[in-house]
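Subject: Structure for you to look at

Dear colleague,

I am passing on the structure we spoke about, and my notes on it follow below. Please read them with the model open beside you.

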Amino acid sequence: MSIENIFQAVIGLNADQVVSEVKTELAAGTDVNAILNDGLIKAMDFVGERFSAGETFVPEMLMSAHAMKTGVELLKPHLTGDAQKKVGTIVIGTVDGDLHDIGKNLVCIMLEGAGFNVVDLGVDVKKETFVEMAKEHNADIIGLSTLLTTTMCMVEDTIAAIKEAGIRDSVKILVGGAPLSREYADSIGADAFAADAGSAGKVARDLVL
Ligand code: B1M
């Protein structure tokens, strides 16, 4: 019932209420994945549907996104295991031209939970930066995220840059984001595709273990 309050707080653009409701649920011992999936993520999906239908607009979407991110921050310590041995390093970011980071940030949390050292480059990341950072951190995996159909081509461009830099044989490439698919990932030469944050940890582990 109170997970419904979290849902309502996100769609109601109320970050303070998200904080208090999430704290209440954590204190009550509610499953963290239920808070994440049935409260925060479900609310963001709902906001997206309303946006698509022209029933809500960018400023409201931003405020809901802020409210959701505030809730995710509270969940973070509960989603990641602090005593886990690192299984590898992943350099991850949202590709050039794309500013969406909520999904990518969730993926980062799940990758940390799966035991990775995560180097998050943020949003609007140039292909050269992915290459430089992968070299600097001796990355096992490069993770490329995009939410826009207009920036899907930057995923392919970044993979080309990784090949040109001569590091393709030493890194695996994981891609994800709503407009991508396994078929598309295969067609552009990525090693793996993860449909959501829940599967990203396992997919990434399978790449390196
Ligand atoms: Co934007 N936006 N947005 N937006 N936005 C979408 C993506 C859109 C589908 C909405 C719509 O029209 N229905 C649409 C894209 C349409 C298209 O490309 N064909 C869109 C648009 C058009 C735009 C703008 C162009 C709007 C405008 O200005 N006219 C603009 C673009 C700005 C830019 O990037 N250059 C824009 C801006 C914004 C905001 C800034 C307002 C805000 C982003 C805030 C932020 O991220 N900090 C925003 C939001 C919030 C959305 C929606 C509503 C929600 C996205 C989201 O966070 N979903 C979105 C509609 C929707 O998706 N329903 C929309 C929740 C998140 C948990 O899911 O991001 O899919 P998702 O991530 C999942 C998986 O995809 C996967 O795991 C994640 C967790 O489960 N995943 C990976 C993601 N990355 C991965 C990487 C991996 C593996 C898995 O490995 C590396």
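Leu62 is found in helix 4, which covers residues 58-79, and with a relative accessibility of 58% Leu62 counts as exposed, because the cut-off for that class is over 50%. Together with Phe51 and Val58, Leu62 makes a nonpolar surface patch of about 280 Å². Please keep in mind throughout that this is a predicted model.

Five strands form an open sheet, in the order 2-1-3-4-5, and the pairing is parallel. Its edges are strand 2 (116-120) and strand 5 (192-194), each of which pairs on one side only. From one strand to the next, the twist averages 25°.

Strand 1 (88-94) is joined to strand 2 by five bridges, the two running parallel, and five bridges likewise join strand 1 to strand 3, again in parallel. Strand 1 is mostly covered, with seven of its seven residues buried. Gly88, Ile90, Ile92 and Thr94 point one way from this strand, and Thr89, Val91 and Gly93 point the other way, all of them being buried. In a regular strand, side chains alternate between the two faces of the sheet.

Strand 3 (residues 141-145) is joined in turn to strand 4 (residues 172-176) by five bridges, and these two strands also run parallel. At one end of the pairing, the bridge partner of Ile141 in strand 4 is Lys172, and for Ser145 the partner in strand 4 is Gly176. Ser145 of strand 3 also has Thr94 standing opposite. Five of the five residues of strand 3 are buried, so this strand is largely enclosed by the rest of the structure. Ile141, Gly143 and Ser145 point one way from strand 3, whereas Ile142 and Leu144 point the other way, and all are buried.

Helices against the sheet

Helix 6 (residues 127-136) lies across strand 1 and strand 3, and runs at about 165° to strand 1. Helix 7 (residues 152-164) packs on the sheet as well, touching strand 3 and strand 4, with a direction that makes about 160° with that of strand 3. Thr158 is found in helix 7 and counts as buried, because its relative accessibility is 1%.

Salt bridges

Side chains of opposite charge can pair when their charged atoms come close. The count for this model comes to six salt bridges, and I describe some of them here.

The side chains of Asp120 and Lys104 meet in a salt bridge, at 2.9 Å from N to O. This pair links distant parts of the chain, with Asp120 in strand 2 and Lys104 in helix 5 (residues 102-113), 16 residues apart. Asp120 counts as partly exposed, at 39% relative accessibility, whereas Lys104 counts as buried, at 4%.

Asp191 and Arg168 likewise meet through their side chains in a salt bridge, at 2.9 Å from N to O. Asp191 lies in the loop between helix 8 (182-187) and strand 5, and Arg168 lies in the loop between helix 7 and strand 4, so the pair ties together parts that are 23 residues apart in sequence. Asp191 is partly exposed, with a relative accessible area of 34%, while Arg168 counts as buried, at 15% relative accessibility.

Glu55 forms a salt bridge with Arg50, and here the closest N and O atoms are 3.9 Å apart. That distance still meets the criterion, because a salt bridge is counted within 4 Å. Arg50 counts as partly exposed, at 31% relative accessibility.

With best regards

Notes
Residues numbered from 1 in each chain as written. Predicted model: local features only at pLDDT ≥ 70, side-chain atom pairs only at ≥ 80, totals over all residues. Heavy atoms only, no water. Pairing = 2+ DSSP bridges. Helix = DSSP H or I, 4+ residues; strand = E, 2+ residues; numbered from the N terminus. Axes fitted to C-alpha atoms, helices over the stretch in contact; angles between N-to-C directions. Contact = heavy atoms within 4.5 Å. Patch = residues over 30% accessible without salt bridge, like charges linked within 9 Å, V, L, I, M, F, W, Y side chains within 5 Å. Areas by Shrake-Rupley, 256 points an atom, 1.4 Å probe, with all protein chains shown as cover. Buried < 20%, exposed > 50% of the residue type's maximum accessible area, 1.4 Å probe, protein only.
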